[in-house]
Amino acid sequence: MGRGKIEIKRIENSNNRQVTYSKRRNGLIKKAKEISVLCDAQVSVIIFGSSGKMHEYCSSNTSLVDILDQYHTQCGKRLWDAKQENLSNELDRIKKENDNLQIQLRHLKGEDITSLNHRELIILEDTLENGVGCVRDQKDEVLMTHRRNQKQLEEDAKELHFYAQQKDMMMAETGRAGNDGYHQRMKADFGPSTYHVQPIQPNLQRRF
């Protein structure tokens with residue numbers, strides 16, 4: 001018996017739908033690969049599943065961008081507007097600028113300079129000398145600033161030490177003045193201290 005005809009409509013069962021999607025997706029990509037190899041055709045396939053996951057295939061002898069460019073040329077239709085195209089051009093410009101900056105950075109490090117001619121090497125040498133001069137000037141400025149700050153800290157420390165000595169001297173003088181006043185008050189209250197030694201038994205006579 002021959003295989004029955006399958007009605008083309010949405011598969012309601014999610015598990016069966018996912019299995020069918022995987023099988024037919026792989027079969028479609030397989031057919032794209034076969035026609036690309038057998039017929040030397042430029043083929044590109046992009047598939048988005050219901051989950052949003054993307055699967056793609058593109059012939060090894062081309063790229064998706066090249067195929068889209070050919071589509072634009074053949075059909076005269078644009079898949080994106082002028083704003084998106086300008087954005088793409090701006091991204092390309094930034095990428096090229098970044099590549100140039102990376103090359104210049106390697107040259108400044110002394111890397112990949114064998115391809116430079118004599119004039120380019122002179123320009124690079126002048127740039128490096130100017131850079132070294134700026135670095136030295138900044139280094140000297142930082143050193144001078146550090147020395148000024150260090151000198152200021154030393155002067156501040158000396159001033160604080162001087163003030164501390166003055167305070168100690170004032171406290172010592174205040175202490176001595178307080179002791180002298182105390183002794184003077186004691187003398188005024190009690191008078192001079194005079195002691196007389198008397199015999200314990202004044203009428204005691206020596207016996208023979």
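The chain contains 4 helices and 2 strands, where helices (H or I, at least four residues) and strands (E, at least two) are DSSP runs numbered from the N terminus. The model is predicted: local features need pLDDT of at least 70 and side-chain atom pairs count only at pLDDT 80 or more, whereas totals for chains, interfaces and linings use all residues. Residues are numbered from 1 along each chain as its sequence is written, and side-chain values use heavy atoms, with hydrogens and water left out.

Along the sequence, the elements follow the pattern α-β-β-α-α-α. Of the 208 residues in the chain, 9% are buried, meaning under 20% relative accessible area, with exposed over 50% and partly exposed in between (1.4 Å probe, protein chains only).

**Helix H1**

Helix H1 covers residues 14-39 and has 26 residues. Its span from first to last C-alpha is 37 Å, close to the 38 Å expected at 1.5 Å a residue; the expected span is 1.5 Å times one less than the number of residues. At the start of H1, a side-chain oxygen of Asn 13 comes to within 3.0 Å of the backbone nitrogen of Asn 15. Asp 40 follows H1 and has a positive phi, near 55°. The buried residues of H1, namely Arg 25, Ile 29, Ala 32 and Ser 36, pack against strands S1 (44-48) and S2 (54-58).

**The hairpin and the core**

S1 and S2 run antiparallel and are joined by 5 bridges; two strands pair if DSSP finds at least two bridges between them. Val 45 stands opposite Tyr 57 in S2. The hairpin has 5 residues between the strands, and Gly 52 takes a positive phi near 95° there. In a regular strand the side chains alternate between the two faces of the sheet. The two faces of S2 are tabulated below.

| Face of S2 | Residues |
|---|---|
| Covered | His 55, Tyr 57 |
| Uncovered | Met 54, Glu 56, Cys 58 |

The largest nonpolar core has 6 residues: Ile 29, Ala 32, Val 43, Val 45, Ile 47 and Tyr 57. H1 and S1 are the elements that give two or more residues to this core. Such a core is a set of buried Ala, Val, Leu, Ile, Met, Phe, Trp, Tyr and Cys residues joined through side-chain atoms within 4.5 Å.

Ser 59 lies in the loop between S2 and helix H2 (64-75). Ser 59 is buried, with a relative accessible area of 2%. Not counting residues up to four places away in sequence, Ser 59 touches Ser 36, Ala 41, Gln 42 and Val 43, a contact being heavy atoms within 4.5 Å.

Notes: A polar contact is a pair of N or O atoms within 3.5 Å; within protein, one must be able to donate a hydrogen and the other to accept it, and residues adjacent in sequence count only if both atoms are side-chain atoms.
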